[in-house]
Amino acid sequence: MLKSVVSRLWLVLVVVVTVILLVLGLLLSQLFDRFYFNLQAQNLIEQGHSLGKLVLSSRSDAQLLHELSLVEDFLNANVVIMDKSGLIQCASPGMGMRLWRGRRHLSPPDAAAVLAGNTVVQRGYQPGLDATVLTVAVPIKAGKDVVGAVYLYAPLAPITQTIADVRGLILYGILGTLVVATVVAFFLSRSLSRPLICMEQAAQAMAAGDFTPRVTVNSADEVGRLGDALNHLAQELARTVDALGAERDQLAGILGSMTDGVITFDKEGEVLLFNPPAQAYLAPLVELTIGQRLGTDISLPSVEEAFHQVLATGKMASAEIELDNRAFSCRLAPLKGEPQGNVRGVVLVLLDMTRERRLEEMRREFVANVSHELRTPLTYLQGYTEAILDGLAADPAEEKKYLKIILDETLRLRRLVSDLLDLSRIEAGQVDLPLEEVRLVELVDQVLPKLVPMTADKNLELVTQIGPELPPVWGNPDRLQQVLINLLDNALRHTPDGGRVTVTAREIEGNMVAVSVSDTGSGVPPEDLPYLFERFYKVEKARTRTTAGTGIGLAIVRSVVEAQGGQVWAESSPGAGTTITFTIPCRPRAE
């Protein structure tokens, strides 16, 4: 209970008030005690002087006794008259009865001091009277000489009772005041501590992340100013936290939308932050989590070396890594703190360079392929032309054979150049493709006879599976024929002797028709599938004149199909053949 501010403040106020009231009660009690005794003593002294004058003027003992009797009744005090020899001369009736009944000899206190002319006041037990009394001794003077003394004995019981009653009143007053003070102290402590309790609750809420509670300020004192400051603090903290949250969300959104991988390390090499691409890139090596350490949990020696270089120099560094047949360029930049600019962390950016490396490799292969494809027919042309000019042909028939070879190679060169030009024009959007209604059954029947010689040479089976209910498509018949020829030529060249090539067509969702060309060849490795339709890309790297083309045919297929509103893709597994599918809309799309 004493842990709360209200209880402690209430207890302090109650204790302080209680102590003050007790001290005040004791002082008042002592004050009243002295007051009553001094008042009674002063009254007795005055009466003693009057009695002294009465003794000097009294004519007889009877008259003196009568006067003493009246004084005894009036003052409720016994009176004893002593002469200058210290002997009792006379006593009031009540005092005389005690003296004779008890047969005691009363010895007035301090008789010498009184007879010396001093007034004596004493309070205490008087054995002769068998009671606690207030004794006042007043000298009787005749001129300057002391001729006797008047002793007045007033019982203390009435005074003590009066003082006791006064003390009782004081005690009741203290108790009543204490009760009132307790109640007042409780409500006062409540009123003083209520704002503090509200501030404590608001501070606890802010510590828990809730900045909405506000303290109600009802005063302009220190507590009120503290409440205003706490409200202002909560408002500023809420604004700061909202700004930080917005920046965090913005940063998370930026990092999440990046295609590059980003990882933040502290200066000890522990992972502080990463985005999904970074996690995906490093998945073949480690399952990336917060707190992993570079060099221990993440084994990338070249990156670790660049990391320490950045920490030592405070400058950017780079490294190259390969993971799961993918090439990455790593850029490392320092994170510097203020104000000294010390390196407190490192940001690693992973750039997937696989596509660029593949494209560069494809370009180099394209140059080599084109050089080979151009050099071979040119070599044939040069050789057979020189043979004819040198008269090496034995007869007209052999000369005709040489001329036939020259013509074939010339046509082959022309086709190669035409394909290159067509691809460039299609990709540049310079080819006009008038669209019309095309029936695929009729189109396939026109294409198949052109490929019969190739199927006969390799003993291949060419199968079509196109139902008569297939709706007509909307496209360019010449370009669609070119697409089918390229796909079938590609399939026939990559199908071994005795294999089978199948052409199928079916209607699919979206008012589209899907045409597939499947073979039973060796298939395409999974890592080559994303690049199958790239320009000049060939799965077979050996440049033979039997199976390998120029790598342009499938690129032309993709460009022609996409120009007519379709899509093309390939599905393959090594040793299980390849299926290339393209789609064509059934009717014109709305403008």
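Let me begin with a term: a residue is called buried when its relative accessible area is under 20%, exposed when that area is over 50%, and partly exposed in between, using a 1.4 Å probe and protein chains only. By that cut-off, 38% of the 591 residues of the chain count as buried.

This is a predicted model, in which local features need pLDDT of at least 70 and side-chain atom pairs count only at pLDDT 80 or more, while totals for chains, interfaces and linings use all residues. Residues are numbered from 1 along each chain as its sequence is written, and side-chain values use heavy atoms, with hydrogens and water left out.

The chain has 14 helices and 17 strands. Both are DSSP runs numbered from the N terminus: helices are H or I with at least four residues, strands are E with at least two. For contacts the rule is heavy atoms within 4.5 Å. Taking contacts between residues at least 6 apart in sequence, 59% join residues at least 24 apart.

Now to the core. A nonpolar core here is a set of buried Ala, Val, Leu, Ile, Met, Phe, Trp, Tyr and Cys residues joined through side-chain atoms within 4.5 Å. The largest one has 45 residues, and the members that touch the most others are Leu440, Leu487, Leu488, Val515 and Phe582. Elements that each supply at least two residues to this core include helix H10 (396-427), helix H11 (440-447), helix H14 (553-563) and strand S16 (568-572). Which element gives the most to this core? That is H13, with seven residues.

H13 covers residues 477-493, which is 17 residues, and spans 24 Å from its first C-alpha to its last, close to the 24 Å expected at 1.5 Å a residue. The expected span is 1.5 Å times one less than the number of residues. Of the 17 residues of H13, 13 are buried, so the helix is largely enclosed by the rest of the structure. At its start, a side-chain oxygen of Asn476 comes to within 3.2 Å of the backbone nitrogen of Asp478. That falls under polar contacts: N or O pairs within 3.5 Å, where within protein one atom must be able to donate a hydrogen and the other to accept it, and residues adjacent in sequence count only if both atoms are side-chain atoms.

S14 and S15 run antiparallel and are joined by eight bridges; two strands pair if DSSP finds at least two bridges between them. Ala505 sits opposite Val515 of S15. The hairpin of S14 and S15 has three residues between the strands, and Gly510 there takes a positive phi near 85°. S15 also runs antiparallel to S17, with seven bridges, and Val513 faces Ile584 of S17. Seven of the eight residues of S15 are buried, so this strand too is largely enclosed by the rest of the structure. Leaving aside residues up to four places away in sequence, Val515 touches Leu440, Leu484, Val503, Thr504, Ala505, Ile580, Thr581 and Phe582.

A second, separate core has 25 residues, among them Leu288, Ala319, Phe328 and Leu350.

On to charged pairs. How many salt bridges does a search of the whole structure find? It finds five, a salt bridge being a side-chain nitrogen of Lys or Arg within 4 Å of a carboxyl oxygen of Asp or Glu. I will take three of them.

In the pair Glu270 and Arg293, the closest N and O atoms are 2.9 Å apart. Glu270 is in the loop between strands S6 and S7 and Arg293 in the loop between helices H7 and H8, so the pair ties together parts that are 23 residues apart in sequence. Glu270 is partly exposed at 27%, and Arg293 is partly exposed at 28%.

Asp352 and Arg326 meet at 2.4 Å, N to O. Asp352 is in strand S10 and Arg326 in strand S9, so this pair links parts 26 residues apart in sequence.

Arg493 pairs with Asp489 at 2.9 Å between the closest N and O atoms. Both are in H13, four residues apart, about one turn of the helix. Is Arg493 buried or exposed? Arg493 is buried, at 19%, while Asp489 counts as partly exposed at 23%.
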